[in-house]
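Hi,

Here is the structure I promised to pass on to you. Have a look at it first, and then read my notes below.

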Amino acid sequence: MLKKLAYAFGTLALLVGAWGFYDRFAHGHENADYGSYVVWGLWVAMYLFFAGTAAGGFMIATLDHLFHLPLFKGVGRLALWGALVSLGAGLFSIWLDLGHLERVWKVYLQGNPGSVMFQMVWGYTLFGLIIAVSLFLAIKKPDSPWLRVLMGLGLGVALFVSGAVGALLGVNAARPFWHVGLFPVQFPVFSLASGAAMLLLILGLFAPRDDPQREQQLWVLGLLSVALLVVKLYFMWADYSQSIYGGIPMNVDAVNQVLFGKYWWAFWILQILIGSLIPLIVLVQPKLARHNGWAGWMGLLLLAGYAVARGLIIFPGLSVPELEQLTSSFGGPHLTFDYFPSLMEWAVTLGTIGLAVLGFLLGTEYLPLYAKELEA
Amino acid sequence: MEEVEETAGLLQKYASQVFAGLVAPALEGVQAVRATIEDVLAKEDVLLRMQEDLKRALEKPAAERRWVMVIDLRRCIGCHACTIACVAENNLPPGVVYRPVLSEEFGTYPNVTMRFLPRPCMQCDNPPCVPVCPVYATYKNEEGVVVVEYDQCIGCRYCITACPYAARTFDFGLTYLDETPEGDDLVLGRSRADEYERVGAFEYGELRRRKDRKTSPVGNVRKCHFCLHRLAEGMLPACVTTCIGRATYFGDANDPESLVADLIASPNVMRLKEDLGTEPRVYYLM
């Protein structure tokens, strides 16, 4: 039943997304609401979210294929497939964000290795290849020593690429809200947190329920999610409190926008209440956390909270003027510090999510991702 | 009281001589008097002086020039003529601006005044926008001007996030006549009336027509380039020649005879956000 619902959601999302894709390809960025001041919008936030989830999913997969933990035996292939689909969605999202998407090859052949963005593009390309080959080996030759080598290499690359996302923002000295030395350390933690949440969702709602280890897997993943959530909240508290105490106006303005300004509802309602507190309360209760449905839905709420959190890193960092009076001095389309994604941006994002959902479901239909299928 | 007056008189008489005696050796060989902009203006229009400076600079190899811009905030009247001249010169579409004049009103009525801050690209010597570009599309050319290679730029906009001065904007492909009606045979409609918007500009010395909504510079990041195409033809940047307050000066700072070399040696000169270490080439006189 849930699978049918997921198929229906994915199809509907893709249909809505089709209009967004058409608009994006036919009219470029004209109908986007990001501009020259808030230059990165929903698609960049979703890229950070999907790519981070992919890195986290891979990290979870190493519990099976690298560290050979008996509890997670058979979970690795699902995690790898989830990571591959998520990475695809992330790269698709950021590709659509480019002004000249036909020139993406230049990053490979005429790139600047000193740019963090270059390093990320190369890193994610390598990461995608590693996931794909690892998944192939995990299905076809699960006993191959190469699988373990690849998983070990992939773990390093996953840490590197998720750290690079932090560095992508952190190197910007012009934006104190992003210029946090620990960003490259924080982001791998965020990635692992979203990876654990993704596995909660997959195992809770879509995996066969006859695995005798399932309850224990959900309980451990739930506890891991709670621990990572608390660490993430602590990082956020540290960043926000230091920003406010530090008193640098650009920094304080950005934090205020999140806590009390135009993004308050996204922060307090979506990220904190729905994406953090509810999952936290449910997942610390052993009975609920071991329940497929509860665990799965909490995984979804956690993922939604992490997606919102990505937006709340990107948008406020760009919504504070570098120089006062910029907007009042010269007006025009796309010259504003107020950003809310346009319908086209939402549609494209919905379409990307639809593609990811359908892609994942089709994979579970046609690939031997579950332990028993492989044994058969 | 008398004693105090005597001491004061003594100090007045000798203190300046003592000070001069201390300082004079250090000043030996140094030209003590620098021309203020008022001095220069009293003799000739600064545009003529800058034109001469430019002529001399262009005779040198490009790598030996150091283009700088100096903006006298006391002379800026906030007319925005420079902004408009720049828009016209570079045929900028809606949403793209190279040189806004930031205007701030402060004080309380009736004691209210305004101050203005023209903000071109700072052409930083240590530009944060350059190292972040993943494809070397933006760099400092040999004259020290930060340029964008439109056909190389992928439109990721990372450079915009890195610029502390918001000096870069993205070309979304809009035209001023968007959403105006298409005309019939008798009326000049959008697709004919907006022809002037498609003429293009000579940025970087190359005529680029805006033939559609996809071809560069649409989808690219754009910025002030000190009107390199005009400099190449011996003309000052459009914002300089248009400034009715004679508040914007331009020239080669490597030429000790140039006006800008004089001006940036003034004690009342400052640069924006110097603490970031960007080393801007735009100086402001306060």
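**What I found**

Tyr136(B) is partly exposed, with 17 other C-beta atoms within 10 Å. (A residue is buried if 20 or more other C-beta atoms lie within 10 Å of its own, exposed if 12 or fewer, and partly exposed in between, with C-beta atoms placed from the backbone.) Before going on, please keep in mind that this is a predicted model, in which local features need pLDDT of at least 70 and side-chain atom pairs count only at pLDDT 80 or more, while totals for chains, interfaces and linings use all residues. Residues are numbered from 1 along each chain as its sequence is written, and chains are lettered from A and ligands numbered from 1 in the order in which they are written.

Ala166(B) counts as buried, because 21 C-beta neighbours lie inside 10 Å.

There are cis peptide bonds to look at too. One joins Tyr109(B) and Pro110(B), with omega about 5°; Pro110(B) lies in the loop between β2 (101-108) and β3 (111-118) of chain B. Another runs from Ser216(B) to Pro217(B), with omega near 15°, and Pro217(B) sits in the loop between α8 (195-198) and β7 (221-223) of chain B. For background, most residues other than glycine have a negative phi, and most peptide bonds are trans.

**The sheet in chain B**

Chain B has 11 helices and 10 strands, and buried residues make up 41% of its 286 residues. Four of the strands form an open sheet in the order β8-β1-β10-β9 (chain B), with mixed pairing. (Two strands pair if DSSP finds at least two bridges between them.) At the edges stand β8 (248-252) and β9 of chain B, each with a single partner strand, so one side of each has no neighbour in the sheet.

Working across the sheet, β1(B) and β8(B) pair in the antiparallel sense over five bridges, and Trp67(B) has Asp252(B) as its bridge partner in β8(B). Strand β1 (residues 67-72) of chain B is joined to β10(B) by four bridges, and these two run parallel; here Val70(B) has Tyr283(B) as its bridge partner. Strand β9 (residues 269-270) of chain B pairs with β10(B) in the antiparallel sense over two bridges, with Met270(B) opposite Tyr284(B).

Which residues cover the two faces of β10 (residues 282-285) of chain B? Val282(B) and Tyr284(B) are on one side and Tyr283(B) and Leu285(B) on the other, and all are buried.

Helix α12 (residues 292-318) of chain A has 27 residues and reaches 40 Å from its first C-alpha to its last, close to the 39 Å expected at 1.5 Å a residue. (The expected span is 1.5 Å times one less than the number of residues.) Of those 27 residues of α12(A), 22 are buried, so this helix is largely enclosed by the rest of the structure.

Helix α8 (residues 214-246) of chain A has buried residues that include Gln217(A), Leu221(A) and Lys232(A). Among the elements covering the buried residues of α8(A) are α7 (183-206), α10 (264-283) and α12 of chain A. After α8(A) comes Gly247(A), with a positive phi near 80°.

The largest nonpolar core has 191 residues, of which Leu80(A), Ala196(A), Leu199(A) and Leu200(A) touch the most other members. (Such a core is a set of buried Ala, Val, Leu, Ile, Met, Phe, Trp, Tyr and Cys residues joined through C-beta atoms within 7 Å.) Helix α2 (residues 42-65) of chain A gives the most to this core, with 17 residues.

**Where the chains meet**

In chain A, 40 residues are in contact with 41 residues of chain B. (Two residues are in contact if their C-beta atoms, placed from the backbone, lie within 7 Å.) α5(A) gives the most to the side of chain A that touches chain B, with four residues.

Best wishes
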